[in-house]
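Trainee: I would like to learn how to read a structure one feature at a time, with the general idea given before the case. Could we go through it together, slowly?

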Amino acid sequence: MKQSQVETWVKLNSHYFKKKHLDFIEEQLTKMDEDKLLHLQAFPFIRPLKLLSIAMFLNCDYFWIKFEILGIFKMFVTLFVISLMIEDGSLGLGGFMFLVIWWFIDVITAKSRAKNYNFDQFTNFVSFINSSSVER
């Protein structure tokens, strides 16, 4: 791929990735054929701000980035703590603070998790493209 195309793609999509990943992405893009760029341009990367919003308001962010087991675990623990708080009040303020701290940590790390997920998806795409071009 031409260097100008690589720079343009990276400039347009850099907000989907961490800065430390951009050098690797540029290196992989320069090795890639130009016809593969169309496939990559249509690739559905997750917007970090969208995942942040989902984490803040819906609290189901793990499902959005395909971590279903963690999402189920989070829902189970949340419902368990809430049921203990309602049933006998044994957890009280401590249980509520546990849920608030957990929510706060999820909100803080949401953008980073989205960018890591996007990088994983990019590397999977590149390895798939490389393996399919080798088979031909």
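**Reading the surface, the charges and the cores**

Mentor: Let us begin at the surface, where Met-56, Phe-57, Leu-58, Trp-103, Phe-104 and Ile-108 form a nonpolar patch with about 660 Å² of accessible area together. A patch is made of residues with over 30% relative accessible area and no salt bridge, with like charges joined within 9 Å and nonpolar side chains (Val, Leu, Ile, Met, Phe, Trp, Tyr) within 5 Å; accessible areas come from the Shrake-Rupley method with a 1.4 Å probe, and for residues only the protein chains shown count as cover. Please keep in mind that this is a predicted model, in which local features need pLDDT of at least 70 and side-chain atom pairs count only at pLDDT 80 or more, while totals for chains, interfaces and linings use all residues. Residues are numbered from 1 along each chain as its sequence is written, and side-chain values use heavy atoms, with hydrogens and water left out.

Trainee: Which helices each supply at least two residues of the nonpolar patch?

Mentor: Helices are DSSP runs (H or I, at least four residues), numbered from the N terminus, and the two in question are helix 4 (48-58) and helix 7. Phe-57, which lies in helix 4, counts as exposed at 66% relative accessibility, given that buried means under 20% relative accessible area, exposed over 50%, and partly exposed in between (1.4 Å probe, protein chains only).

Trainee: How should I read a salt bridge, and how many salt bridges does the count come to?

Mentor: Side chains of opposite charge can pair when their charged atoms come close. The rule asks for a side-chain nitrogen of Lys or Arg within 4 Å of a carboxyl oxygen of Asp or Glu, and by this rule the count comes to five. One of them joins the side chains of Glu-27 and Lys-31, at 3.4 Å from N to O; both residues lie in helix 2 (residues 19-31), four residues apart, which is about one turn of the helix. Glu-27 is partly exposed, at a relative accessible area of 39%, whereas Lys-31 is exposed, at 58%.

Trainee: Is Asp-61 buried or exposed, and what about Arg-113?

Mentor: Both Asp-61 and Arg-113 are buried, and they form a salt bridge whose closest N and O atoms are 2.7 Å apart. This pair links distant parts of the chain, with Asp-61 in helix 5 (residues 61-64) and Arg-113 in helix 7 (residues 92-135), 52 residues apart. Lys-74 and Asp-106 also meet in a salt bridge, at 2.4 Å from N to O, and here helix 6 (residues 68-87) is linked to helix 7 across 32 residues. Lys-74 has a relative accessible area of 4% and is buried, as is Asp-106 at 2%. Asp-61, Lys-74, Asp-106 and Arg-113 are linked in a network of salt bridges.

Trainee: Which residues have the most contacts inside the largest nonpolar core?

Mentor: A nonpolar core is a set of buried Ala, Val, Leu, Ile, Met, Phe, Trp, Tyr and Cys residues joined through side-chain atoms within 4.5 Å. The largest has 17 residues, and those with the most contacts inside it are Trp-9, Phe-17, Ile-25, Leu-29, Leu-40 and Phe-122. Its largest share, five residues, comes from helix 7. Leaving aside neighbours within four places in sequence, Leu-40 is in contact (heavy atoms within 4.5 Å) with residues including Trp-9, Leu-29 and Phe-122. A second, separate core of nine residues includes Ile-46, Leu-51, Ala-55 and Tyr-117.
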